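Open the model in your viewer and keep the sequence panel beside it. We will walk through it stop by stop, selecting one thing at a time.

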Amino acid sequence: MLFGRTALGYSPRAAHRWIATNFTLKNLIALAYDLNPRTISGGPGWIESEHFNIEAVTPGDVTPTRLEQMRMLRALLVERFGMKFHREEKEFAIYELTVAKGGAKLKAAAHPDDPPYLVGVVYPGKIEVPATGVTMDDFVAMLQRATLDRPTVNKTGLQGKYDFTLDWAPDESQYGGEIPRAPDDAPQPPLFTAVQEQLGLKLEAKRGDVNAMVIDQVEKPIAN
């Protein structure tokens, strides 16, 4: 995904190069652990103000899956930032994802054994998310770590893997305000409407407990 000052993805010149540009440490942690940034506390103020670039070469002959990439990123956070943390249950304003009245409108994955693919593509005035082989936990993880402004919990009860495409008109509450609000006459619906109309699911604002992260130790890395 590419938006505002923050970019994440592979270099087009190298299949095994993982690049993150202009990320705060807090956003790197949220990415690595599939957390909403609001559920990360502790640590010095610079984890939210200073930005870092990462260029890493992944090992092996096959491009690693996203899960494998995130394991590597977690190891980097420990090795280069000296990060230590613990978990605590805390209450937050959250969104719950449930199945809407009338049932889910999801298609079973055509290739369920393939690694899941889930990415947000930014177009002028709309966001499109093509997804293949994705669980509802995968979908919720994407929503809460970057898209929505609060933690999101999977309450659908759906256990399968699915293929779908979701597109909507963004507003200023999404992606940390980095993406401009869509015009009022945009042909796509807002996100909550799109989730219900296109996927047969429902996002509802509630309060609930979340397994939050508390940073106990972190230090600035030395550039190389």
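Start with the cartoon view: the protein chain has five helices and 13 strands. Here helices (H or I, at least four residues) and strands (E, at least two) are DSSP runs, numbered from the N terminus. The radius of gyration, taken over C-alpha atoms, is 18 Å, close to the 17 Å from the globule rule (2.2 Å times the number of residues to the power 0.38) for 224 residues, so the chain is as compact as a globular protein of that length. Along the principal axes, the C-alpha atoms fill a box of roughly 55 × 40 × 35 Å.

Before you click further, know that this is a predicted model, in which local features need pLDDT of at least 70 and side-chain atom pairs count only at pLDDT 80 or more, while totals for chains, interfaces and linings use all residues. Residues are numbered from 1 along each chain as its sequence is written, and side-chain values use heavy atoms, with hydrogens and water left out.

**Stop 1: the whole surface**

Of the 224 residues, 42% count as buried. Buried means under 20% relative accessible area, exposed over 50%, and partly exposed in between (1.4 Å probe, protein chains only).

**Stop 2: the largest core**

Hide the surface and select Leu97, Met136, Phe139, Phe164, Leu166, Trp168 and Leu201. These have the most contacts inside the largest nonpolar core, which has 26 residues. A nonpolar core is a set of buried Ala, Val, Leu, Ile, Met, Phe, Trp, Tyr and Cys residues joined through side-chain atoms within 4.5 Å. Which elements supply at least two residues of this core each? They are β6 (84–99), β10 (126–134), α4 (136–147), β12 (162–168), α5 (191–199) and β13 (201–217). The largest share, five residues, comes from α4.

Now zoom in on Phe139. Leaving aside its neighbours within four places in sequence, Phe139 is in contact (heavy atoms within 4.5 Å) with Leu97, Leu118, Val134, Phe164, Leu166, Leu199 and Leu201. A second, separate core of 24 residues includes Trp18, Phe23, Ala30 and Met83. In soluble globular proteins, nonpolar side chains tend to be buried together.

**Stop 3: a four-stranded sheet**

Select β4, β13, β6 and β11. These four strands form an open sheet in the order β4-β13-β6-β11, with mixed pairing; two strands pair if DSSP finds at least two bridges between them. The edge strands, β4 (40–42) and β11 (152–154), each pair on one side only. On average, neighbouring strands of this sheet are turned by 35 degrees against each other, direction ignored. β6 and β11 pair in the parallel sense over three bridges, and Tyr95 has Thr152 in β11 as its bridge partner.

The axes are lines fitted to C-alpha atoms, for helices over the stretch in contact, and angles run from 0 to 180 degrees between N-to-C directions.

While you are on β6, pick out Thr98, which sits in that strand. Thr98 is buried, with a relative accessible area of 18%.

**Stop 4: around β10**

Centre on β10. Strand β8 (residues 117–118) runs antiparallel to β10 and is joined to it by two bridges, with Leu118 opposite Ala131. Strand β9 (residues 121–123) is also antiparallel to β10, through three bridges. In the hairpin of β9 and β10, two residues lie between the strands, and Gly125 takes a positive phi near 85 degrees. Six bridges join β10 to β12, again antiparallel; look for Val129 opposite Leu166.

**Stop 5: helix α1**

Is helix α1 (residues 25–33) largely enclosed or open? Eight of its nine residues are buried, so α1 is largely enclosed by the rest of the structure.

Finally, select Arg71 in helix α3 (residues 66–81). Arg71 counts as exposed, at 53% relative accessibility. Arg71 and Ala32 are 39 residues apart in sequence, and their C-alpha atoms are 7.3 Å apart in space.
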